[in-house]
Amino acid sequence: QVQLVESGGGLVQAGGSLRLSCAASGRTFSSYAMGWFRQAPGRKREFVAAISWSGGSAYYANSVKGRFTISRDSAKNTVYLQMNSLKPEDTAVYYCAAGPGGPTAWGSEYDYWGQGTQVTVSS
């Protein structure tokens with residue numbers, strides 16, 4: 001039903017910014033909660049941010065609060081992750097996910113996943 005494609009990753013210096021995009025297809029997209037997760041080498045996948053289907057509620061991992069902002073443009077079927085004040089520990093592959101429930105940090109609640117986009121932050 002839903003296909004997700006991430007873009008916008010790249011190499012930046014510490015303190016820099018990137019904006020990730022997740023383009024979605026499928027008629028059910030507007031009713032799905034969206035989340036961003038990341039996985040660094042040797043680490044488990046971790047929650048980054050999530051947003052409700054309406055865009056009215058957003059949640060963030062403590063590690064990114066105040067630095068990252070998730071947003072949603074339903075008209076464009078796109079979810080964004082604005083990342084500011086990037087740190088080397090933010091280096092990871094970032095994945096976009098979609099699920100029929102409310103926004104959650106639990107990856108198992110999401111039914112669809114993108115292919116991931118690499119973010120590398122140098123010190």
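Start by selecting Cys96: its relative accessibility is 0%, and because buried means under 20%, Cys96 counts as buried. Keep in mind as you look around that this is a predicted model.

Show the side chains, and you will find a disulfide joining Cys22 to Cys96, with an S to S distance of 2.2 Å. The two ends belong to distant parts of the chain: Cys22 lies in strand S3, while Cys96 lies in strand S9 (residues 92-99), 74 residues apart. How many disulfides does the model have? The count is one.

Next, follow strand S3 by selecting residues 18-25. Strand S3 runs antiparallel to S1, and five bridges join the two. To see one spot in this pairing, select Ser7 and look across to Ser21 in S3, which stands opposite. In general, strands of a sheet pair through backbone hydrogen bonds.

Then zoom out to the whole sheet. Four strands form an open sheet in the order S1-S3-S8-S7, with antiparallel pairing. Which strands stand at the edges? Select 3-7 for strand S1 and 68-73 for strand S7: each has a single partner strand, so one side of each is left without a neighbour in the sheet.

Definitions and conventions:
Residues numbered from 1 in each chain as written. Predicted model: local features only at pLDDT ≥ 70, side-chain atom pairs only at ≥ 80, totals over all residues. Heavy atoms only, no water. Pairing = 2+ DSSP bridges. Disulfide = S-S within 2.5 Å. Buried < 20%, exposed > 50% of the residue type's maximum accessible area, 1.4 Å probe, protein only.
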